[in-house]
Structures are given as structure tokens and as C-alpha cells.
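User: I'm new to reading protein models. Could you walk me through a few features?

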Amino acid sequence: MKQLRILSFLLLLCIVASCSQQRPKGSDISLTWGLVGNYYEGDLFLSQLQLKNNGPAALENKNWSLYFNFCRKYNQDKLPKGITIEHVNGDLFVLKPTADFKALQPGDSVKFDLYGGYWTLNESDAPAGFFFVFNNGKGETTVEEAGALTVLPFLTEKQLNRTANDKVISENETVRFERDSALTVLPASAICPITPTPLSYTLGKDSLVIGEAFIISTEKDFTASAEFLQTAWTTRLNYKPGIVEVQKPNAGQVSFVKDANLKDEAYELVVNKTSGITIKAGTNEGAFYGVQSLLALTPLNVSKSSWKITEITVKDKPRFAFRGLSVDVGRNFQKKETILKVLDAMAAYKLNKFQFHLTDDEGWRLEIKELPELTQVGSRRGFSTDEQEMILPSFGSGAFQDKNSGSGYYTRADFIEILKFAKARNIEVIPEIDFPGHSRAAIKSMLVRYNRLKAEGKTAEAEKYLLNDLQDSSKYESVQMWKDNVLCPCQESTYNFITTVVTSIEDLYKEAGAPLTTIHTGGDEVPHGVWEKSPKCADLIAKQPEVGQLGGVSNYFLTRVSDILSKKGLTTAGWEEIALSKVKEGDVVKHIPNPQFVNKNFRPNVWNNVWGWGQEDFAYQLANAGYKTVLSNVTNLYFDLAYSKDPKEPGYYWGGFTNTKKAYEFIPLNIYQNASVDLLGNPLDLAGLANKVRLTPQGKENILGIQGQLWTENTKSGEMAEYLLFPRVLALSERAWSQDPAWAQVADATKRNQLLLQAWNEFANRLGQKELPRLDYLANGIGYRLPPPGIVIKNELAYINVEFPGLTIRYTTDGTEPTAQSAVYSAPVAVKKGTVVKTITTNTKGRVSRISTATAK
């Protein structure tokens, strides 16, 4: 009887457990996504999503929803039976079962064929951030992360090409080898010792010994640069060099000397065995860049009591006054430490403008003490039905806030620290507060504020900073698929908000002692259809009929914003749209330079020059019209684009692929010079390009400089930011600082390309032999992209090369994965039929690239 009672009790426990486990956990459902191919039925792609039940209970056809982020829309007419997929907002979608969904039993899997618009090409395009929302049937929900996602490799022709007419070659080990086969390893004496290349330099024959007795002599105007050098050398000399007042140059000191003939950022650097080191400049900025060139000549990876520097005379000045880099922290937050590391590297390579993209639809990243909801709500992403505590997940950030780079912000103290750090490196931080589009995080945050105060009966206070017209029924969708991301320019509360935010930012700069000259207002990608059914805008147009004309609301908004900024002595910067106006020619709406703002201290960054899209000359049109313009060309300077057409390379490719050479070969004042193919690799209509606007002499004067961009949709960590930025930033600095190269001035394409190859070979060697090893130690080590090698096997010999000659190549021939301890490649390797050769590049700290593989046949 006792045994029977025990058995009965155990049976009861099993029944209870079974009843309580009526569904699997979210983590029990693993997912596999694969691209079947592109160009199905025209411009559709076909993908497959598989759900596998690894749990003990069935996944039924009700009471669950599967949310995820994806950068493409699904074709609703081709959805398979058993599910629906709804577009929630932005890149957030939800998959729900229908009555036709067959219960997914433990151990079983189900696969869905899903068609979408246009194409997918990279593994980073895959849907991400899957989570389940379970409903118990009583109105109570549970949110759980889904199981692991596996992304299948892209291997076939239809997976590797966007269309049947895609002529851009997919990169593999053979393509890499052929691309870099013309590069040769140069001797160290043939490599420029300083990057970016100075105006002129002459190497001497002797060397100067830097030792513990070294001191720094400076004039008062250059104290900041002297102290920067002192700090930099302290860790390398194992002692702190003293700073003294001006004294006669000698072999045991660095002498800072003021020379009024050296204007702005110009400097001269002399290293001499007898007279020591002399840095001449007319300004502290020039002296600082002299310091950076001196640091480029000194080792980063050793800490010794002394070392030698070869004698050298350098005369130098920048080509452009504006040498910028923009980093987006709105899409995915980047930690303060990442930003400081980027600023350190910018200074080392003489970049001087940091555009800080602090706000976007997917996040507000700066604490504004007067409006705490901006960070309490707008800086956090996670699942929410009403967005009262956080905004929707984006870019795979998942259901739970504060678990990844979807959430985060800079406190006032953080931002002040960043400003001080940048100022010490002669970098101006340009804050970007993006509006009227790209404003969803702010709009939702101010709605939370409104709802709270309205509930307290404080209607006037609730409406004070409201950013949307609550009665607006306009229908629109932004490029990023948001349906509610544009603020209302037709209500005073919008300008109360902008004034308060700008004033708060002003206060932060004052507290940091940093210069604030410019607010970047974004101004881009405002979708068609906005404000059309806004009662607030209708009222404004009734009072001011000109606002109702084509582009009138935008002009009204820009006028109001620029008035706010100009009263504070600030420049109104923005993307090219702020300087363009719409005109109608027949049924076609065209963009032309807007004469209304030419003399209003507007500064456009021009980005859209995608070859074949017809807008390649916008920058030159604006500069010729009188706008001070910064070139931010997507084709060469968007560092969030994938390095190459390789599914393993993270990044977008809507503007093409941008490797380091693409940034290096950018010709700012004649962008057409290197244009030959369109986005899909097909020959450009060169006759059509010949009709595009060229820069006038005055237009050339209005080109302030160039700027690289890192958008962070795919940048979910500091490590990925470093991978995407470097070494492309070094090529950016070369084009921004160094003078117009000789090859860029040659009209004949054949001769120009020959000269370009010679110049690129030197720069590639400079990276491989000197600058990338330097990055291993700069700012405590930068995780730049190590290029995978190229490899071909001919006549039982394996030939291996790399994009940057001088990098260490390692390999194996036994099929095992190479490591930082594998054999070093120095000459072709004998192999037999069937031998599998695997190869990598390594850096000075043992980091390795992706593996390249070839099999002898």
C-alpha cells in the first residue's frame, strides 16, 4: 500500500507539472533564418524562417506573438498559411499564428517562405531581436526572449547578387588576391613617416636620442600643447619631462617657438642631433599638430628610458579647415569610453571636428535637466504597449531595456568630460539634434510628459513642450519605416522645446569651457505626406498663406530654428536638405539651392551623391550658390557601409561598398574624376556626368572640408564601431589634411590610375607596416579591421597576399584553423592535391582576421 501511495503521489505531481507547462518557454523556440535568393518575380527576395521547438510542450496556434526587427518589409500577398506578419512601426514586426497554424510539437520544426521587397545581401541584414509575448487568455501577458538565432551562409549566385544585372564582384579569397596582386612590399625608407602626409619633409642622416634628461621649453601661448606632449611622453619615458620657460634650443629639449608667419594650423617641426626638437607655430593649434607629428615619430609600444628619432625637417599645414567625423549614437548607444577613444585617434590623425549625432527616432542620448523624460523614456528601448516607460525595440535591441546598446545616455557629467577631452585635443564637438524628422524619441518622451501633467490638471504646462499635433491625421512613412517620427513645426511648443534644449546644451559647453559655434539640426529625410492633415498647420497657413506653398512649412520651420540659433551667435548646420528648395517643373518636383537661406549662416553637409541617382552634383550646386559646404559623400565617406560585397562583412550597402581605398581615392573638388560605375557596377553614362555642375572658383572657396560618417544601425558595440571606423578614418585624414595629390590632377584616366596605384601602394604599406601597429597601442588599443588575406593556388604552390603589405600573414596546410602562433607566410608554399590552406592576418597583439581558405586541385 505504501508503494502504491507513493506511485499515486508521483503521478499526481506529473499531472500538475503537465498542466503548469501548457506552453514552451520563449527560449525553447530556436530560430533559423536563411536567404534563398534575390530577384524573385522582379525585385522580391525570398527568405525562410524556421522555428524549432526544443521544449517539452507544444506551441499552439493561439496566445502568442513573436516580435522581431528587420530592415525590409514583407510582401503581404505572399505570406504562407498559418501566420500573419504585421508591420508595427519602424523596423519592428510581429508574427502571429492563425487558425491554420499546426501546433508545433516538442522536437518538431516549421519553416515559412517569406518574400520581401528588394534584396538582402549581408548576414547583418538578417532579422534580429526575437522575443515572444505570451497571453494566458485572461489578459495577462508574459514577455520572454526567444531561443538562439542561426543565420545560414550566403553561397549561391542569387544570394550573392541583388539583381541579375548586379555586376559588383562578390569578394572571396581569389578576388582579394587578384585585387591586391599589384601591391608590393616597400622598404621602410620608401614610406612616409607621418600620417596624414605633411606638406613637405626631409629626412636627415643622424639620430637624436630622447632620454630621461629631456625637458620641454615653451612660450606661454603653447603651454597646452607642451602639457599634452608631457603627458604623452610620461608613459613612454618612465618619467615626467619638466616644462620650463623659453630657453635656447639644445639637444636635450623640445622647444616650442612662436612664429607669426605660420598662420592658423600650420607648423614646422625640426628634429636635429645638435639643436634637439623645435616646433614652430603661430597658434596653439599649429603647435598641437606639430606635437602629433612628433608623436608619430616616437614608439607607442615600448616604455624605455631612451630611444632615437631620425633627424627630420617637416613643413606642414592642412588643406581643409574642416576635417570632420560624425558618429551616430542615437540608433545604437556608444559608451563614453568608445567616444573618448575615437577622439584620441581623431587628434592623432589631425581631424578637428566631431559631429555628435545625439538624437534620432530610436534614442535620445543627452541628459537635459529641464526635460528629464528625454532620457527617462527616450533613451530606453524595450517592449511596451503604450511607450510610457520606454520606446519600441529597434535594430534587434530586444524586449528588455538596459541589456544592450539599444538603451543608454550621457549624463551631464559624461558630456562635460567628453567636451573637455575634445577641447584638449583641439577638436570642436558639434552636437546634432535631429529635427523635424528623425524625432520620434523626443516626440514620445514629450507625450509622456504631456500625459503626466495633463492627468495632474496642469494643461498649460503639459502643452508647453509638446512636439506633435494631437489632432494630426496625416499618413506617411519615413525611409526607416516610421509612421510618427516628424514633429509639428506649426505650434509654439515645438520652438519652446528647441530653445530649452539648445540653452541647456549651451550651459554644458560653458561649464566645460569648450567652444560652441554650431548646432547641427539634421533636417533630412522628412517623408512625403507629413503635416497635410494637421489642424495646427492649417491654422498657420490660413494666417500666413506663403507657408502653404510647396516647401513652405519646411522654410517656416528652418527660419524659426535659425532665428533661435542666430540670436545665440550659432551657425545652423544640417544635412543638404536644409539648403535645398523644391520646385515643380510640370509633374516633376526638383530640388535646387534655396536662395532664402544663402546669407543666413547655414552650413549643409552634403551626402547624397550615389552614382546614377541623378543628385551627384548637389554639393557643387550649393557651394556655387554661396553655401559654405562640407562634403560628406556617401560613396566614399560613409563608414557604416560594408567594406566589400561579402556577406560576412557587416554594414549596409545602399550607397555602395566603401573600403579604405575608396576613402583614400576621394577627390573632393572633382568627385567625377574617379566615377565609372553605378551602384550595381554597371558603366555610368559619362556623357550625362559631363553635364553635371562643376565647381566655380568661388564654389571651391565655399568647400570648407570633408567629413566621414558612422551611422550605427549595425554598430551594437564599441568593438564594432572601431572595426567600421578604422582604418578608413586614416584615409579620411589623408584626404582632409594632405594637399591635393598629383594623381588627382591628371585628366587622362589611364595615367591617373597608374599614379593612383603607386600612391595607394605607398599608403597601403604605410598602414601595414606602421600605422596599424601604431593603432594597436594608441588609446589603449584600437580594434581596427584586420583584412583577411587573398590566396590562389597555382602549380602546387599557394600564393598569399594582403591588402596592407607588412601585416603578418599566418597559415596552416593541415586543415586546422590558423592562430597567432601558426607559421608565418614569407614565400609561396608547396602544396599537394587536396591540401586545404587556411590563412589569416594577425596584429602585434595576437588579434586575428577572418580565415581565408583554398584547396589545391
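**Reading bonds and burial**

Analyst: Let's start with a pair: D344 and R425 are both buried, where buried means under 20% relative accessible area, exposed over 50%, and partly exposed in between (1.4 Å probe, protein chains only). One caution: this is a predicted model, so local features need pLDDT of at least 70 and side-chain atom pairs count only at pLDDT 80 or more, while totals for chains, interfaces and linings use all residues. Residues are numbered from 1 along each chain as its sequence is written, and side-chain values use heavy atoms, with hydrogens and water left out.

User: What do D344 and R425 form?

Analyst: Side chains of opposite charge can pair when their charged atoms come close. Here D344 and R425 form a salt bridge, with the closest N and O atoms 2.8 Å apart; the term means a side-chain nitrogen of Lys or Arg within 4 Å of a carboxyl oxygen of Asp or Glu. D344 sits in helix α6 (residues 336-348) and R425 in the loop between α8 (412-423) and β21 (428-435), so the bridge ties together parts 81 residues apart in sequence. Helices (H or I, at least four residues) and strands (E, at least two) are DSSP runs, numbered from the N terminus.

User: How many salt bridges does the structure hold?

Analyst: There are 47 salt bridges. One of them joins E585 to K590, with closest N and O atoms 3.6 Å apart. E585 is partly exposed at 46% relative accessible area, and K590 is partly exposed at 36%.

User: Which cysteines form a disulfide?

Analyst: A disulfide is a covalent bond between the sulfur atoms of two cysteines. The cut-off used is a pair of cysteine sulfur atoms within 2.5 Å, and by this rule the count is 1 disulfide. C490 and C537 form it, with their sulfur atoms 2.1 Å apart. C490 is in the loop between α10 (459-463) and α11 (492-512), C537 is in helix α12 (residues 535-543), and the pair links distant parts of the chain, 47 residues apart. Both C490 and C537 are buried.

User: Is S632 buried or exposed?

Analyst: S632 counts as buried, at 0% relative accessibility. You'll find S632 in the loop between β27 (629-631) and α15 (634-637).
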